[in-house]
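Subject: Structure handover

Hello,

Please find the structure below. My notes on the fold and on one helix pair follow it.

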Amino acid sequence: MDLTLSYDDHCTEIAHQTALLASALTAAAAPPSPLSAAVPSCPDWNLAQLLRHLGEAHRWVAEIVRTRAAEPPPDTALRTLPRDAAQTPSELATWLTTGARQLADTLRDAGPDTRIWTPLPSGTTRFFARRMAHESVIHRADVTLTLGTDFAVDQRVALDALDEWMELGSLPEMFDHHPERRALLGPGRTLHFHATDTPPEAAADWLVDLTGDALAWRRSPGPAAVSVSAPLTDLLLLVYGRRPADTEPYEIQGDAELLDFWLAEVIFA
């Protein structure tokens with residue numbers, strides 16, 4: 001069973017995850033509108049702001065790819081987000097799916113190895129296809145958490161999303177952007193994450209190693225100073241800071257303070 005995602009798979013997921021998000025939004029569109037609801041996993045935003053952020057991010061990346069940009073265009077539209085929603089949930093849903101499809105098509109037209117500006121060293125469209133696929137996954141989770149509906153994601157997508165998160169968080173450049181993360185390093189500091197609902201061939205174990213001079217990770221079972229076991233989707237929500245560790249269904253063994261410290265330092269929205 002092939003559990004890896006290709007470039008085309010990432011393009012497909014951008015549109016697919018956004019379509020699922022839009023369906024959840026329109027299903028909850030009966031009055032009162034949910035757009036003013038606070039997003040518990042992104043507490044500075046209401047739902048309208050989160051949706052505008054995702055849709056503008058899709059369009060921002062599409063511009064980078066379409067123009068083969070060598071430097072980033074202005075990102076004000078995806079950062080400065082008015083709290084008032086000028087659109088209805090249904091209108092926003094249509095706007096979101098349109099932008100996601102356009103981004104997926106633009107990435108496919110460009111191919112995986114086109115050189116463009118990226119915020120990290122990869123410098124090709126391959127980076128943005130993967131990043132926007134999982135950006136869409138996680139913000140769909142934010143929507144379901146806000147609406148109180150169920151969130152589920154395909155196993156292959158969740159595995160790839162966790163791998164990408166580990167890879168990005170362990171890049172040496174992260175110390176340049178977040179020098180405070182050096183405080184994570186120290187003797188005996190290892191963390192193990194185990195998915196309880198995957199087949200053996202999924203190899204759904206992640207070992208984070210903070211004992212050296214850099215952040216490191218690998219797909220591997222423990223032992224570790226602290227171990228976390230939970231279904232795969234729940235692990236995804238945990239490491240992305242969408243669900244607290246001290247709730248069900250997380251089973252934690254070992255140094256829970258190290259887990260809390262690591263989660264607090266490496267979180268990104």
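In what order do the elements of the protein chain run from the N terminus on? The order is α-α-α-α-α-α-α-β-β-β-β-α-β-α, with nine helices and five strands in the chain. Helices (H or I, at least four residues) and strands (E, at least two) are DSSP runs, numbered from the N terminus. The radius of gyration (over C-alpha atoms) is 19 Å, close to the 18 Å from the globule rule (2.2 Å times the number of residues to the power 0.38) for 269 residues, so the chain is as compact as a globular protein of that length.

This is a predicted model: local features need pLDDT of at least 70 and side-chain atom pairs pLDDT 80 or more, while totals for chains, interfaces and linings use all residues. Residues are numbered from 1 along each chain as its sequence is written, and side-chain values use heavy atoms, without hydrogens or water.

Of the contacts (heavy atoms within 4.5 Å) with a separation of 6 or more, 69% join residues 24 or more positions apart.

Now the helix pair. H1 (residues 7–27) packs on H2 (residues 47–67) at about 155°, with the axes 13 Å apart; axes are lines fitted to C-alpha atoms over the stretch in contact, and angles run from 0 to 180 degrees between N-to-C directions. H1 is therefore roughly antiparallel to H2 (over 145 degrees). On the H1 side, Ile14, Thr18, Leu21 and Leu25 meet Leu47, Leu51, Leu54 and His58 of H2.

Regards

Terms used: Parallel < 35°, antiparallel > 145°, perpendicular 65-115°, else oblique.
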